[in-house]
Amino acid sequence: MDYKEELMKVVKNLPLQPGVYKYLNEEGKIIYIGKAKKLKNRVSSYFLKQAGMNRKTKRLVSEIRGIEYTVVDSEYDALLLENNLIKKNQPKYNILLKDDKTYPYICVTKERFPRVFSTRNTSDKRHRYFGPYPNGRAMSALLDLFKQLYKIRNCTYNLSEENVAAAKYSVCLEYHINNCLGPCEGKQTEESYNEDIKQILNILKGNLSVAREYFTQKMEEAVAALAFEEANTWKQKLELITNYQSKSLVVSPTLKEIEVYAIISDERFAYVNFIKIMNGGIIYAESNQITKRMDEDDEEILLQAIMDFRERYKTSTRKIYTNIEITSFDEEDDRMEFSVPKIGDGKKLIQLSFKNAMYFKRERETSRGEISDKKSNYQTLLQLKSELQLKEVPVHIECFDNSNIQGTNPVSACVVFKDGKPSKKDYRHFHVKTVEGPDDFASMEEAVYRRYKRLLEERQKLPQLVIIDGGKGQLSSACEALKSLGLYGKLPIIGIAKKLEEIFFPEDPIPLHLSKKSRSLQLVQRLRDEAHRFGITFHRNLRSKGSIHSKLEDIPGVGPNTIQKLLKHYKTITNIKAAPVEELADLIGNSKAQKVKDGLS
C-alpha cells in the first residue's frame with residue numbers, strides 16, 4: 001500500500017480530542033511536533049488543504065512517513081506536552097524556543113539552619129530553587145539585601161543537633177563582624193533562624209508586603225517596650241525593604257500577580273519579552289530570541305514561548321497580558337486568562353514589555369552586524385535622494401532590463417531593492433507578448449506597463465524610484481507606459497547608460513554624472529547589474545530548454561515519452577550525446593537508441 005494511503009488511514013481514525021501529534025520521516029525520526037484542540041481537524045488540514053500552503057510546509061508534508069499522537073484532557077495540557085516534547089526531541093521543523101544557556105538560581109537548602117546562595121546546578125531536588133535570573137546584577141542585589149536584613153550563615157557545616165551539642169565547630173570571622181549569630185555554637189536558636197528564612201522565602205516569592213509588615217510590627221513592639229535602639233534597627237530594615245520595592249515598582253502596588261508578554265518578529269526571528277509582576281513589583285524579567293523554522297505566525301510562537309517561560313520560572317499565574325490577541329486558546333480552561341489591555345496600568349505594562357522586546361531585537365541585530373548595515377544603507381539612500389532631488393527617501397527601488405539574442409525568446413526582468421538590499425521574493429520575469437522581433441524599446445514599454453498596471457490593480461505600494469537599464473530611448477519607452485497608467489510625473493524614473501554611467505531624466509537632454517566613487521551611483525549600478533543577471537539567467541534557461549526540446553523532437557520515431565525519459569535520466573543534451581548507444585538501449589530500447597544517437601551526431 002502507498003505510504004500516502006497509510007497516512008490518510010491514520011488521519012481518518014484520529015479523535016476529535018485535544019492532543020499532541022508527531023510527524024516522522026522515513027528513518028522514524030520526529031521532524032515536527034504540534035498541538036491541536038481537535039487532533040483530526042488539525043492533522044487532516046496538512047493533507048487536504050495543500051493549495052494555499054507555503055513552500056516550507058509543503059516540504060514538511062513531503063517528508064512525512066508516519067504519524068503518532070497523544071490525547072490529553074485540555075488544550076493547556078497539549079501546550080505543556082508539546083513544549084516538553086519539542087525541547088526533548090528538537091525536531092527539524094519546529095521553532096527553536098531558547099538558547100541552551102544555563103541561568104543562575106537562588107538556592108535555599110533544606111537542612112537544619114538553611115543556607116541561601118546562588119547556583120547554576122539544580123539537580124539536587126532536596127533543596128528549593130528560585131529563578132532563573134537572566135540578569136546577574138538583579139540576583140546579586142537580592143542576595144545583598146538578604147545579607148543586610150538577615151544574619152544567615154554562609155558556611156557549609158553540618159549543624160545537626162548532635163554536632164552542635166558536641167561543640168564540633170567554633171564561630172568564625174563572620175560571627176565576629178556581626179554577619180552571623182553563631183548557630184554552630186548554639187548561640188542562635190533554630191526557631192529564630194527559621195523566622196529569617198521564612199521572610200527570605202516570602203521575598204523570593206515576591207511577597208514583600210509580608211516582610212514589610214513583619215518589620216513594622218517588630219518596630220512598634222520595640223517602641224512600646226521603650227527599646228528605641230532595637231526599634232531603630234527594625235526601622236532601618238523596613239527602609240531597606242521599602243527602598244528595594246520602590247526600585248522594582250512598576251505601576252501600582254495594587255497589581256497582585258500578573259504575567260506580561262510582548263512579541264515582535266521579522267522573517268527569520270521572533271523576539272519575546274516576559275515580565276512577572278508580584279505586588280506591583282517586577283520579580284522576573286527576560287527577553288528571548290526564537291528562530292523560525294517554518295512560516296509560524298506570532299500567536300503560535302507566543303503561545304509556545306509562554307509555556308516555555310512558565311515551565312522555567314515555575315510560574316502558574318492565571319492572569320496574562322499580551323500585546324497581540326490570543327484567539328486559538330480554549331477560553332473554558334481557566335488556567336490561563338489572556339487579555340490585551342487598552343487603558344490604565346495594564347497598557348503601561350504592555351508598553352514596557354514591548355519596549356524591552358524592541359531593545360532586545362536591536363541588541364541582537366547589532367551583534368549580528370545588521371544594524372550597522374542598515375545605517376550604512378540608509379545613508380546611501382539619503383545621498384541618492386539628495387543627488388537625484390527626490391521628494392522621498394527611495395527605500396523601495398525597482399530596476400528593469402531586457403534580454404534577447406537576435407530576437408529569440410525576448411524577456412524582461414524587474415528586480416526590487418528594499419532598504420538598499422535585494423528583495424528577491426519580489427523579483428519578476430516578463431515574457432514579451434506584444435512585440436515581434438528584437439525591439440528593445442517596445443519590450444521595455446510592455447514590461448513597465450504590465451508591472452505597474454498589476455500593482456495598481458492589486459493596490460500594492462509603488463516604489464519611490466524606478467531605474468531603466470538603458471539610455472534615452474529605453475527611458476522614453478518606459479515613460480510612455482507610465483503615461484498610459486496616469487503615473488507619469490508621480491513615479492520618479494531615471495535611465496542609466498552603460499558606457500559612461502550617465503543618469504538620464506525624462507525630457508532632460510543633459511545627463512547627470514555622479515562620481516565613480518559615489519555610494520549612490522554604486523547602488524544604482526548594483527541594481528542595474530542585478531537586473532541584467534536576473535534577465536540573462538532566465539533567457540538562457542528558456543533557450544536551453546528550447547534547444548533540447550527541438551533537437552530531440554526532430555528525430556523521427558522518438559516521441560514525447562521517450563524524450564521525457566531521456567531528459568529525466570540524463571538531464572542535458574550533452575549527457576545524452578556522450579552516453580554509449582548500449583547504455584541508451586538499456587533505457588529506451590535498441591531501435592530508439594540508435595535513432596537518438598544518429599539524430600544527435
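L201 is buried, because its relative accessibility of 10% falls under the 20% cut-off. The model is predicted. L201 sits in helix α8, which covers residues 190-204. Leaving aside residues up to four places away in sequence, L201 touches V108, R128 and F130. A211 lies 10 residues from L201 in sequence, and their C-alpha atoms are 9.7 Å apart.

V466 has its place in a strand, β16, residues 465-469. V466 has a relative accessible area of 1% and is therefore buried. Beyond residues up to four places away in sequence, V466 touches E398, F400, Y452, L491, P492, I493 and I494. One of these contacts, F400, is 66 residues away in sequence. The C-alpha atoms of V466 and F400 are 8.0 Å apart.

The two sites are set out below.

| Residue | Element | Relative accessible area | C-alpha distance |
|---|---|---|---|
| L201 | α8 (residues 190-204) | 10% | 9.7 Å to A211 |
| V466 | β16 (residues 465-469) | 1% | 8.0 Å to F400 |

Next comes helix α11. Helix α11 runs over residues 298-312 and has 15 residues. At 1.5 Å a residue, α11 should span 21 Å.

How many residues of α11 are buried? The count is 12 of 15, so α11 is largely enclosed by the rest of the structure. The buried set holds E299, I301, L302, L303, Q304, A305, I306, M307, D308, F309, R310 and R312. E299, D308, R310 and R312 are among the buried residues, and Asp, Glu and Arg count as charged. Just after α11, K314 takes a positive phi of about 50°.

The last topic is a helix pair. Two packed helices are described by the angle between their axes and the distance between the axes. Helix α17 (residues 560-570) packs with helix α19 (residues 581-588) at an angle of about 120°. Their axes are 11 Å apart. That angle makes α17 oblique to α19. The crossing of α17 past α19 is right-handed.

Which residues make the contact? On α17 they are T562, K565, L566, H569 and Y570. On α19 they are E583, L584, L587 and I588. By class, the contact of α17 with α19 has 5 nonpolar, 2 polar and 2 charged residues.

Note on methods: Residues numbered from 1 in each chain as written. Predicted model: local features only at pLDDT ≥ 70, side-chain atom pairs only at ≥ 80, totals over all residues. Heavy atoms only, no water. Helix = DSSP H or I, 4+ residues; strand = E, 2+ residues; numbered from the N terminus. Expected span 1.5 Å × (residues − 1). Buried < 20%, exposed > 50% of the residue type's maximum accessible area, 1.4 Å probe, protein only. Axes fitted to C-alpha atoms, helices over the stretch in contact; angles between N-to-C directions. Parallel < 35°, antiparallel > 145°, perpendicular 65-115°, else oblique. Left-handed = near helix turned anticlockwise from the far one by under 90°. Contact = heavy atoms within 4.5 Å.
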